[in-house]
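Please open the structure in your viewer and keep the selection tool at hand. The tour moves from stop to stop, saying at each one what to select and what is there.

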Amino acid sequence: MQATARANSNIAFIKYWGNRDETLRLPVNPSLSMNLDGVFTRTTVVWVAGLAADNLVLNGSPAGAEALQRVSAHLDVIRRRLSLTQFAQVTSTNNFPMGAGIASSASSFAALTVAAVRAAGHDLSERELSTLARLGSGSASRSVPAGFVEWHAADTHEGSYAESIAPADYWDLVDVIAIVSDAHKDVGSKAGHRTANSSDLQGARVAGAAERLRICRKAILNRDFAPFAAVVEHDSNLMHAVMMTSQPPLFYWRPATLTVMEQVRRWRAEGLRVCYTLDAGPNVHVLTLAADVDAAAERLRNIEGVIDVRIAAAGGGTIIES
Ligand code: PMV
């Protein structure tokens with residue numbers, strides 16, 4: 001049996017940084033994100049009788065050992081859940097360049113989970129698919145449901161799932177991504193989650209996360225840009241403060257990153273509805289409303305050090321294509 005699933009990537013407004021249980025990927029705090037329309041991974045899974053091991057073709061080429069190992073470990077989780085014994089042939093493509101400042105693990109593990117379960121002939125609830133995707137990559141749990149998505153922090157595997165708080169067309173928020181570097185990051189999020197607790201600031205960041213999430217959720221539901229912008233920038237700054245004060249420290253910003261952040265704050269003071277958020281990388285996600293996208297994109301393109309700009313509106317959840 002085979003199935004193909006397509007999952008959008010997502011950008012977090014209230015960030016996930018650090019696990020309370022690393023093996024189960026139970027986060028220390030809840031998070032809130034928006035799926036990115038048209039920024040996706042498409043994955044086909046075929047369970048093949050007689051195959052000696054899992055096989056992975058990534059963006060047209062056989063995957064390296066590290067990627068195969070991570071995918072195979074996730075397929076082990078699904079095999080255990082569904083009592084399967086077969087190995088799988090997995091073919092996966094991203095329609096965006098890896099290392100372009102857009103999280104590929106979120107869309108990859110959401111698509112892999114949904115395709116693998118369907119290919120085995122099972123029909124699990126969205127909630128369970130989200131918990132399973134979480135075991136591959138935390139942020140992948142948020143790419144399963146549609147639109148604006150909240151991921152619950154909990155003490156148990158079953159309790160930590162993501163669900164939609166509003167559909168994609170609820171608010172015309174757009175992510176205008178200013179690419180300032182296309183180099184692959186040195187320290188990925190997996191190692192980063194591990195060092196988060198070594199920062200003196202992590203406790204304070206986590207303590208306020210639920211309240212920031214409440215403010216952010218309310219701003220989204222009221223389609224109210226000003227409080228949204230304030231809490232989103234604050235939450236991103238807090239996460240990067242934790243990163244910079246971890247041991248060893250993680251500095252993801254490049255000089256152009258700071259230039260973009262400064263300009264975004266200035267443009268907002270002048271009346272443009274823009275704010276920024278950054279993941280574990282130097283590229284800046286500039287959030288704006290549909291009416292201000294052209295102005296924001298043009299201004300970003302004129303900043304020295306911005307090598308590309310990509311635009312994504314709010315997107316749907318993971319879908320089965322065939
Ligand atoms: O899902 P991971 O392990 O790639 O972690 C994602 C971490 C951030 O992108 C920095 C924040 C987030 O909530 O997406």
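The stops below begin at the ligand, go on to a pocket, and then visit single residues.

This is a predicted model, in which local features need pLDDT of at least 70 and side-chain atom pairs count only at pLDDT 80 or more, while totals for chains, interfaces and linings use all residues. Residues are numbered from 1 along each chain as its sequence is written, and side-chain values use heavy atoms, with hydrogens and water left out.

**Stop 1: the ligand**

Which distance separates a polar side-chain atom of Ser189 from an oxygen atom of the ligand? For Ser189 the distance is 2.7 Å, while a polar side-chain atom of His193 lies 3.0 Å from a ligand oxygen, and an N or O atom in the side chain of Ser137 is also found 3.0 Å from an oxygen atom of the ligand. Taken alone, the ligand exposes 380 Å², and the protein buries 94% of that; such accessible areas come from the Shrake-Rupley method with a 1.4 Å probe, and for residues only the protein chains shown count as cover.

**Stop 2: the second largest pocket**

Now select Ser181, Ala183, His184, Lys185, Asp186, Val187, Leu250, Phe251, Tyr252, Trp253, Arg254 and Pro282, which line the second largest pocket. On a 1 Å grid over the protein atoms alone, a pocket is an open set of points with protein on both sides within 12 Å along at least five of seven lines, whereas a cavity is a set where a 1.4 Å probe fits but cannot get out, and lining residues have an atom within 4 Å of a point. The volume of this second largest pocket is about 220 Å³, a volume being the space filled by probe spheres set on the points, which are joined across faces, edges and corners. Its lining divides into seven nonpolar, two polar and three charged residues.

**Stop 3: backbone features in loops**

Select Gln247 and Pro248, which are joined by a cis peptide bond with omega at about 0 degrees. Pro248 has its place in the loop between α6 (225-244) and α7 (255-269); helices (H or I, at least four residues) and strands (E, at least two) are DSSP runs, numbered from the N terminus.

Move to Arg25, in the loop between β2 (19-21) and β3 (26-27), where phi is near 50 degrees, a positive value in a residue other than glycine. Arg223, in the loop between α5 (202-221) and α6, likewise has a positive phi, near 50 degrees. Are these residues buried, exposed or partly exposed? Arg25 counts as buried because its relative accessibility is 13%, whereas Arg223, at 45%, counts as partly exposed; buried means under 20% relative accessible area, exposed over 50%, and partly exposed in between (1.4 Å probe, protein chains only).

**Stop 4: buried residues in helices**

Select Gln202 in helix α5, which counts as buried at 2% relative accessibility. A polar atom of the Gln202 side chain lies 2.8 Å from the backbone oxygen of Trp17.

In helix α6, select Glu233, which is buried with a relative accessible area of 5%. The side chain of Glu233 reaches the backbone nitrogen of Tyr276 at 3.1 Å.

Finally, select Ala297 in helix α8 (residues 293-301), a residue that counts as buried at 3% relative accessibility. Ala297 and Val176 are 121 residues apart in sequence, yet their C-alpha atoms are 6.6 Å apart in space.

Conventions: A polar contact is a pair of N or O atoms within 3.5 Å; within protein, one must be able to donate a hydrogen and the other to accept it, and residues adjacent in sequence count only if both atoms are side-chain atoms. Ala, Val, Leu, Ile, Met, Phe, Trp, Tyr, Cys and Pro count as nonpolar, Asp, Glu, Lys and Arg as charged, and the others, Gly among them, as polar.
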